[in-house]
Amino acid sequence: MTASPFDHPFLSGLVGDDEIAPYFSAEADLRAMLSFEAALAKAEAAHRVLPGEAARKIAEACAGFSPDLASLRAATARDGVVVPDFIKQLRAAVGEEAGKSLHFGATSQDVIDTSLMIRLKAIAFLFAGRLSAIVKGLDALERLFGGNRLMGHTRMQAAIAITAADRLAAWRAPLTTYRDRLTEQNFPVQFGGAAGTLDKLGPQAAAVRASLAQELGLTDIGQWQSTRLVIADLAGLFASISGSLGKIGQDIALLAQAGDEIEMAGGGTSSAMAHKQNPVAAEVLVSLARFNATALSGIHQSLVHEQERSGAAWTLEWLLLPQMTMATAASLRLAGELAGNIKRLGSA
(Lines give C-alpha, C1' and ligand atoms only; values in the text may rest on other atoms or scores of the structure.)
Protein backbone atom coordinates (compact mmCIF):
# COMPACT_ATOMS: atom_id res chain seq x y z
CA MET A 1 0.00 0.00 0.00
CA THR A 2 1.13 3.58 -0.68
CA ALA A 3 0.20 6.93 0.80
CA SER A 4 -0.72 8.37 -2.60
CA PRO A 5 -3.77 7.27 -4.62
CA PHE A 6 -1.86 8.09 -7.82
CA ASP A 7 0.38 5.02 -7.43
CA HIS A 8 -1.80 2.96 -5.09
CA PRO A 9 -2.17 -0.73 -6.04
CA PHE A 10 -5.85 -0.34 -6.94
CA LEU A 11 -6.83 3.33 -6.53
CA SER A 12 -4.32 4.13 -9.29
CA GLY A 13 -6.69 2.32 -11.63
CA LEU A 14 -9.07 5.21 -11.01
CA VAL A 15 -6.77 8.24 -10.69
CA GLY A 16 -3.39 6.98 -11.88
CA ASP A 17 -1.79 7.35 -15.27
CA ASP A 18 0.64 4.76 -16.60
CA GLU A 19 2.04 7.08 -19.28
CA ILE A 20 2.84 10.03 -17.02
CA ALA A 21 3.83 8.30 -13.77
CA PRO A 22 7.26 7.17 -15.08
CA TYR A 23 8.32 10.80 -15.47
CA PHE A 24 8.24 11.09 -11.67
CA SER A 25 10.23 7.93 -11.04
CA ALA A 26 13.66 8.07 -9.44
CA GLU A 27 15.09 6.68 -12.67
CA ALA A 28 13.67 9.50 -14.80
CA ASP A 29 14.83 12.13 -12.31
CA LEU A 30 18.35 10.71 -12.23
CA ARG A 31 18.53 10.50 -16.03
CA ALA A 32 17.59 14.15 -16.27
CA MET A 33 20.12 15.11 -13.60
CA LEU A 34 22.82 13.24 -15.50
CA SER A 35 21.76 15.06 -18.68
CA PHE A 36 22.24 18.34 -16.81
CA GLU A 37 25.75 17.45 -15.67
CA ALA A 38 26.84 16.22 -19.10
CA ALA A 39 25.36 19.29 -20.82
CA LEU A 40 26.92 21.65 -18.28
CA ALA A 41 30.38 20.18 -18.84
CA LYS A 42 29.93 20.43 -22.61
CA ALA A 43 28.77 24.06 -22.39
CA GLU A 44 31.64 25.03 -20.09
CA ALA A 45 34.19 23.31 -22.32
CA ALA A 46 32.78 25.15 -25.34
CA HIS A 47 33.49 28.44 -23.57
CA ARG A 48 36.90 27.28 -22.30
CA VAL A 49 35.83 27.23 -18.66
CA LEU A 50 37.07 23.65 -18.33
CA PRO A 51 39.14 21.30 -20.51
CA GLY A 52 37.46 19.51 -23.38
CA GLU A 53 38.91 16.20 -22.24
CA ALA A 54 37.27 16.62 -18.85
CA ALA A 55 33.91 17.30 -20.51
CA ARG A 56 34.34 14.15 -22.63
CA LYS A 57 35.03 12.00 -19.57
CA ILE A 58 32.09 13.52 -17.69
CA ALA A 59 29.73 12.82 -20.60
CA GLU A 60 31.03 9.26 -20.88
CA ALA A 61 30.54 8.63 -17.17
CA CYS A 62 27.04 10.15 -17.20
CA ALA A 63 25.99 7.90 -20.06
CA GLY A 64 26.65 4.72 -18.09
CA PHE A 65 26.26 5.78 -14.46
CA SER A 66 24.00 3.90 -12.03
CA PRO A 67 24.04 5.40 -8.53
CA ASP A 68 23.71 3.63 -5.22
CA LEU A 69 20.07 4.41 -4.40
CA ALA A 70 20.35 3.35 -0.77
CA SER A 71 23.19 5.80 -0.28
CA LEU A 72 21.19 8.55 -2.01
CA ARG A 73 18.24 7.93 0.29
CA ALA A 74 20.33 8.07 3.44
CA ALA A 75 22.17 11.19 2.27
CA THR A 76 18.94 12.97 1.33
CA ALA A 77 17.66 12.40 4.86
CA ARG A 78 20.78 14.15 6.10
CA ASP A 79 21.29 16.88 3.47
CA GLY A 80 17.69 17.63 2.52
CA VAL A 81 18.56 17.17 -1.16
CA VAL A 82 19.90 14.28 -3.21
CA VAL A 83 22.56 16.19 -5.14
CA PRO A 84 25.57 16.25 -2.77
CA ASP A 85 25.76 12.46 -2.58
CA PHE A 86 24.80 12.12 -6.25
CA ILE A 87 27.75 14.32 -7.24
CA LYS A 88 30.05 12.50 -4.83
CA GLN A 89 29.18 9.17 -6.43
CA LEU A 90 29.39 10.54 -9.96
CA ARG A 91 32.72 12.21 -9.26
CA ALA A 92 34.16 8.85 -8.23
CA ALA A 93 32.95 7.39 -11.52
CA VAL A 94 34.41 10.26 -13.55
CA GLY A 95 37.85 9.98 -11.99
CA GLU A 96 39.90 12.30 -9.84
CA GLU A 97 41.25 14.69 -12.46
CA ALA A 98 38.10 15.20 -14.57
CA GLY A 99 36.00 15.01 -11.42
CA LYS A 100 37.36 18.41 -10.40
CA SER A 101 35.46 19.88 -13.36
CA LEU A 102 32.19 18.10 -12.66
CA HIS A 103 29.31 20.31 -11.48
CA PHE A 104 31.57 23.37 -11.77
CA GLY A 105 29.76 26.58 -10.86
CA ALA A 106 26.47 24.78 -10.22
CA THR A 107 24.48 24.08 -7.07
CA SER A 108 21.94 21.46 -6.01
CA GLN A 109 18.98 23.60 -6.99
CA ASP A 110 20.27 23.98 -10.54
CA VAL A 111 20.31 20.21 -10.97
CA ILE A 112 16.95 19.51 -9.33
CA ASP A 113 14.97 22.34 -10.91
CA THR A 114 16.41 21.70 -14.37
CA SER A 115 15.63 17.99 -14.08
CA LEU A 116 12.04 18.95 -13.29
CA MET A 117 11.82 21.26 -16.31
CA ILE A 118 13.18 18.58 -18.65
CA ARG A 119 10.51 16.15 -17.50
CA LEU A 120 7.65 18.65 -17.37
CA LYS A 121 8.40 19.79 -20.91
CA ALA A 122 7.88 16.23 -22.14
CA ILE A 123 4.71 15.91 -20.06
CA ALA A 124 3.30 19.17 -21.43
CA PHE A 125 3.74 17.84 -24.97
CA LEU A 126 1.73 14.74 -24.04
CA PHE A 127 -0.94 16.85 -22.33
CA ALA A 128 -1.33 19.03 -25.43
CA GLY A 129 -1.86 15.90 -27.50
CA ARG A 130 -4.52 14.65 -25.10
CA LEU A 131 -6.32 17.98 -25.22
CA SER A 132 -6.34 17.81 -29.02
CA ALA A 133 -7.83 14.31 -28.82
CA ILE A 134 -10.57 15.47 -26.43
CA VAL A 135 -11.41 18.41 -28.69
CA LYS A 136 -11.68 16.03 -31.65
CA GLY A 137 -13.98 13.81 -29.59
CA LEU A 138 -16.22 16.76 -28.77
CA ASP A 139 -16.21 17.79 -32.44
CA ALA A 140 -17.38 14.30 -33.36
CA LEU A 141 -20.20 14.52 -30.82
CA GLU A 142 -21.27 17.84 -32.28
CA ARG A 143 -21.43 16.36 -35.76
CA LEU A 144 -23.60 13.52 -34.47
CA PHE A 145 -25.81 15.32 -31.96
CA GLY A 146 -25.23 19.06 -32.30
CA GLY A 147 -28.77 19.80 -33.40
CA ASN A 148 -30.38 17.81 -30.60
CA ARG A 149 -32.33 19.61 -27.91
CA LEU A 150 -31.17 20.01 -24.32
CA MET A 151 -32.76 21.90 -21.47
CA GLY A 152 -30.53 24.77 -20.46
CA HIS A 153 -30.14 25.30 -16.73
CA THR A 154 -29.17 28.39 -14.79
CA ARG A 155 -28.54 28.19 -11.05
CA MET A 156 -29.52 24.50 -11.18
CA GLN A 157 -33.01 25.37 -12.44
CA ALA A 158 -34.50 24.67 -15.87
CA ALA A 159 -34.19 27.81 -18.01
CA ILE A 160 -34.70 27.65 -21.79
CA ALA A 161 -34.05 25.08 -24.47
CA ILE A 162 -30.54 24.99 -25.96
CA THR A 163 -28.86 22.65 -28.42
CA ALA A 164 -26.27 20.02 -27.68
CA ALA A 165 -23.91 22.13 -29.81
CA ASP A 166 -24.32 25.00 -27.32
CA ARG A 167 -23.28 22.78 -24.42
CA LEU A 168 -20.42 21.20 -26.36
CA ALA A 169 -19.10 24.63 -27.36
CA ALA A 170 -18.90 25.62 -23.70
CA TRP A 171 -16.98 22.43 -22.92
CA ARG A 172 -14.60 22.79 -25.85
CA ALA A 173 -13.71 26.50 -25.78
CA PRO A 174 -11.22 26.55 -22.87
CA LEU A 175 -9.55 23.31 -23.96
CA THR A 176 -8.17 24.81 -27.17
CA THR A 177 -6.79 27.72 -25.16
CA TYR A 178 -5.02 25.36 -22.76
CA ARG A 179 -3.60 23.32 -25.63
CA ASP A 180 -2.12 26.47 -27.15
CA ARG A 181 -0.73 27.60 -23.81
CA LEU A 182 0.97 24.26 -23.29
CA THR A 183 2.63 24.37 -26.69
CA GLU A 184 3.79 27.96 -26.08
CA GLN A 185 4.88 27.37 -22.46
CA ASN A 186 8.49 28.14 -21.63
CA PHE A 187 10.44 25.52 -19.73
CA PRO A 188 13.58 27.31 -18.58
CA VAL A 189 16.92 26.03 -17.46
CA GLN A 190 17.77 26.88 -13.85
CA PHE A 191 21.41 27.85 -13.50
CA GLY A 192 22.43 30.28 -10.80
CA GLY A 193 25.17 28.69 -8.73
CA ALA A 194 25.49 28.99 -4.99
CA ALA A 195 23.44 32.18 -4.53
CA GLY A 196 22.10 32.89 -8.00
CA THR A 197 25.06 34.97 -9.17
CA LEU A 198 27.07 32.34 -11.10
CA ASP A 199 30.06 33.84 -9.37
CA LYS A 200 32.51 31.11 -10.42
CA LEU A 201 31.93 31.68 -14.12
CA GLY A 202 32.64 35.41 -14.18
CA PRO A 203 32.11 37.05 -17.59
CA GLN A 204 31.32 33.69 -19.21
CA ALA A 205 28.26 33.10 -17.05
CA ALA A 206 25.55 34.24 -19.47
CA ALA A 207 27.15 32.48 -22.44
CA VAL A 208 27.51 29.19 -20.56
CA ARG A 209 23.89 29.36 -19.38
CA ALA A 210 22.69 30.00 -22.94
CA SER A 211 24.69 27.04 -24.26
CA LEU A 212 23.44 24.84 -21.41
CA ALA A 213 19.82 25.73 -22.19
CA GLN A 214 20.32 25.03 -25.89
CA GLU A 215 21.94 21.68 -25.19
CA LEU A 216 19.00 20.61 -23.01
CA GLY A 217 16.27 22.04 -25.27
CA LEU A 218 15.14 24.49 -22.57
CA THR A 219 14.58 28.24 -22.53
CA ASP A 220 17.42 30.51 -21.44
CA ILE A 221 16.31 32.97 -18.76
CA GLY A 222 18.01 34.46 -15.74
CA GLN A 223 18.12 32.33 -12.60
CA TRP A 224 14.77 31.82 -10.88
CA GLN A 225 15.85 29.86 -7.84
CA SER A 226 14.06 32.17 -5.40
CA THR A 227 11.41 33.65 -7.73
CA ARG A 228 9.10 30.70 -8.34
CA LEU A 229 6.65 32.13 -10.85
CA VAL A 230 7.74 29.43 -13.32
CA ILE A 231 6.33 26.78 -10.99
CA ALA A 232 3.26 28.77 -9.95
CA ASP A 233 2.29 29.54 -13.56
CA LEU A 234 2.54 25.92 -14.61
CA ALA A 235 0.61 24.71 -11.56
CA GLY A 236 -2.04 27.31 -12.31
CA LEU A 237 -2.36 26.02 -15.86
CA PHE A 238 -2.73 22.46 -14.59
CA ALA A 239 -5.42 23.56 -12.12
CA SER A 240 -7.26 25.39 -14.91
CA ILE A 241 -7.16 22.34 -17.19
CA SER A 242 -8.51 20.01 -14.52
CA GLY A 243 -11.05 22.66 -13.50
CA SER A 244 -12.51 22.92 -17.00
CA LEU A 245 -12.56 19.15 -17.33
CA GLY A 246 -14.27 19.02 -13.94
CA LYS A 247 -17.00 21.27 -15.33
CA ILE A 248 -17.55 18.73 -18.12
CA GLY A 249 -17.68 15.95 -15.55
CA GLN A 250 -20.19 17.83 -13.42
CA ASP A 251 -22.42 18.53 -16.40
CA ILE A 252 -22.35 14.90 -17.51
CA ALA A 253 -23.14 13.66 -14.01
CA LEU A 254 -26.17 15.96 -13.89
CA LEU A 255 -27.27 14.84 -17.35
CA ALA A 256 -26.99 11.23 -16.19
CA GLN A 257 -29.07 12.08 -13.12
CA ALA A 258 -31.86 13.46 -15.31
CA GLY A 259 -31.65 10.25 -17.29
CA ASP A 260 -33.28 11.17 -20.59
CA GLU A 261 -30.80 13.62 -22.12
CA ILE A 262 -27.70 11.45 -22.32
CA GLU A 263 -26.91 7.83 -23.02
CA MET A 264 -23.55 6.52 -21.86
CA ALA A 265 -21.52 3.33 -22.15
CA GLY A 266 -18.99 2.21 -19.58
CA GLY A 267 -20.64 3.25 -16.33
CA GLY A 268 -19.59 1.79 -13.00
CA THR A 269 -21.51 -0.98 -11.25
CA SER A 270 -22.91 -1.04 -7.71
CA SER A 271 -22.32 -3.80 -5.15
CA ALA A 272 -25.85 -3.34 -3.79
CA MET A 273 -27.95 -2.26 -6.80
CA ALA A 274 -27.40 -4.30 -9.94
CA HIS A 275 -29.53 -1.96 -12.06
CA LYS A 276 -27.25 1.06 -11.56
CA GLN A 277 -24.65 2.48 -13.96
CA ASN A 278 -22.73 5.05 -11.96
CA PRO A 279 -21.09 8.01 -13.77
CA VAL A 280 -17.73 7.21 -12.17
CA ALA A 281 -15.44 9.00 -14.64
CA ALA A 282 -17.58 12.14 -14.51
CA GLU A 283 -17.52 12.17 -10.71
CA VAL A 284 -13.76 11.67 -10.57
CA LEU A 285 -13.24 14.62 -12.92
CA VAL A 286 -14.99 16.78 -10.32
CA SER A 287 -12.84 15.35 -7.52
CA LEU A 288 -9.60 15.92 -9.44
CA ALA A 289 -10.60 19.49 -10.27
CA ARG A 290 -11.20 20.20 -6.59
CA PHE A 291 -7.96 18.47 -5.62
CA ASN A 292 -5.89 20.66 -7.94
CA ALA A 293 -7.73 23.80 -6.88
CA THR A 294 -6.83 23.00 -3.28
CA ALA A 295 -3.22 22.07 -4.03
CA LEU A 296 -2.70 25.27 -6.02
CA SER A 297 -3.03 27.33 -2.86
CA GLY A 298 -0.06 25.39 -1.48
CA ILE A 299 2.00 26.15 -4.58
CA HIS A 300 1.17 29.81 -4.09
CA GLN A 301 2.45 29.50 -0.53
CA SER A 302 5.78 28.37 -2.00
CA LEU A 303 6.11 31.75 -3.73
CA VAL A 304 7.14 33.01 -0.28
CA HIS A 305 10.69 31.88 -0.95
CA GLU A 306 12.90 33.65 1.51
CA GLN A 307 16.13 35.29 0.46
CA GLU A 308 18.27 33.40 -2.09
CA ARG A 309 16.98 29.86 -1.43
CA SER A 310 14.26 28.34 0.71
CA GLY A 311 14.38 24.78 1.90
CA ALA A 312 10.82 24.98 3.23
CA ALA A 313 9.16 26.47 0.13
CA TRP A 314 11.14 24.25 -2.20
CA THR A 315 10.19 21.08 -0.33
CA LEU A 316 6.52 22.15 -0.45
CA GLU A 317 6.75 22.19 -4.24
CA TRP A 318 8.08 18.62 -4.22
CA LEU A 319 5.08 17.53 -2.18
CA LEU A 320 2.49 19.25 -4.37
CA LEU A 321 3.53 19.68 -8.00
CA PRO A 322 3.97 15.99 -8.92
CA GLN A 323 0.55 15.23 -7.44
CA MET A 324 -1.02 18.13 -9.35
CA THR A 325 0.58 16.88 -12.55
CA MET A 326 -0.74 13.38 -11.97
CA ALA A 327 -4.21 14.72 -11.19
CA THR A 328 -4.15 16.65 -14.46
CA ALA A 329 -3.00 13.55 -16.32
CA ALA A 330 -5.85 11.51 -14.85
CA SER A 331 -8.32 14.28 -15.71
CA LEU A 332 -7.21 14.28 -19.34
CA ARG A 333 -7.30 10.50 -19.55
CA LEU A 334 -10.78 10.26 -18.04
CA ALA A 335 -12.21 13.12 -20.10
CA GLY A 336 -11.00 11.46 -23.28
CA GLU A 337 -12.61 8.17 -22.27
CA LEU A 338 -15.81 9.92 -21.23
CA ALA A 339 -16.22 11.74 -24.55
CA GLY A 340 -15.83 8.43 -26.34
CA ASN A 341 -18.48 6.78 -24.16
CA ILE A 342 -21.30 9.23 -24.98
CA LYS A 343 -23.74 7.34 -27.21
CA ARG A 344 -26.39 10.04 -27.34
CA LEU A 345 -26.59 13.65 -26.21
CA GLY A 346 -29.89 15.48 -26.12
CA SER A 347 -33.06 14.56 -27.97
CA ALA A 348 -33.86 14.98 -31.64
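**The helix and its surroundings**

Reply: Helix H12 gives the most to the lining of the largest cavity, namely three residues. The model is a predicted one, in which local features need pLDDT of at least 70 and side-chain atom pairs count only at pLDDT 80 or more, while totals for chains, interfaces and linings use all residues. Residues are numbered from 1 along each chain as its sequence is written, and side-chain values use heavy atoms, with hydrogens and water left out. Helices are DSSP runs of H or I of at least four residues, numbered from the N terminus.

The cavity may be described first. The count comes to one cavity of 30 Å³ or more, and the largest cavity has a volume of about 60 Å³. (A cavity is a set of points on a 1 Å grid, over the protein atoms alone, where a 1.4 Å probe fits but cannot get out; lining residues have an atom within 4 Å of a point. Points are joined across faces, edges and corners, and the volume is the space filled by probe spheres set on them.) The lining consists of Ile 134, Leu 138, Trp 171, Ile 248, Ile 252, Ala 335, Leu 338, Ala 339 and Ile 342. Two or more of these residues come from each of helix H7 (108-145), helix H10 (229-258) and H12. By class, the lining of this cavity holds nine nonpolar residues, no polar ones and no charged ones. (Ala, Val, Leu, Ile, Met, Phe, Trp, Tyr, Cys and Pro count as nonpolar, Asp, Glu, Lys and Arg as charged, and the others, Gly among them, as polar.)

H12 also gives the most to the lining of the largest pocket, with eight residues. (A pocket is an open set with protein on both sides within 12 Å along at least five of seven lines.) This pocket holds about 960 Å³ of space. Its lining has 29 residues, of which Phe 24, Asp 29, Arg 119, Trp 318 and Pro 322 lie nearest the centre. Helix H2 (26-46), helix H4 (69-79), H7 and H12 are the elements that each supply two or more residues to the pocket lining. That lining divides into 18 nonpolar, four polar and seven charged residues.

There remains the packing partner. The axis of H12 (residues 311-341) comes within 9 Å of the axis of helix H11 (residues 280-301), and the two cross at roughly 155°. (Axes are lines fitted to C-alpha atoms over the stretch in contact; angles run from 0 to 180 degrees between N-to-C directions.) H11 and H12 are therefore roughly antiparallel to each other, a term for angles over 145 degrees. Their contact comprises 18 nonpolar residues, six polar ones and one charged one.

H2, one of the elements that line the pocket, has a partner of its own. The axes of H2 and helix H3 (residues 52-63) come within 9 Å and cross at roughly 165°, so H2 and H3 are roughly antiparallel to each other.

Definitions and conventions
Parallel < 35°, antiparallel > 145°, perpendicular 65-115°, else oblique.
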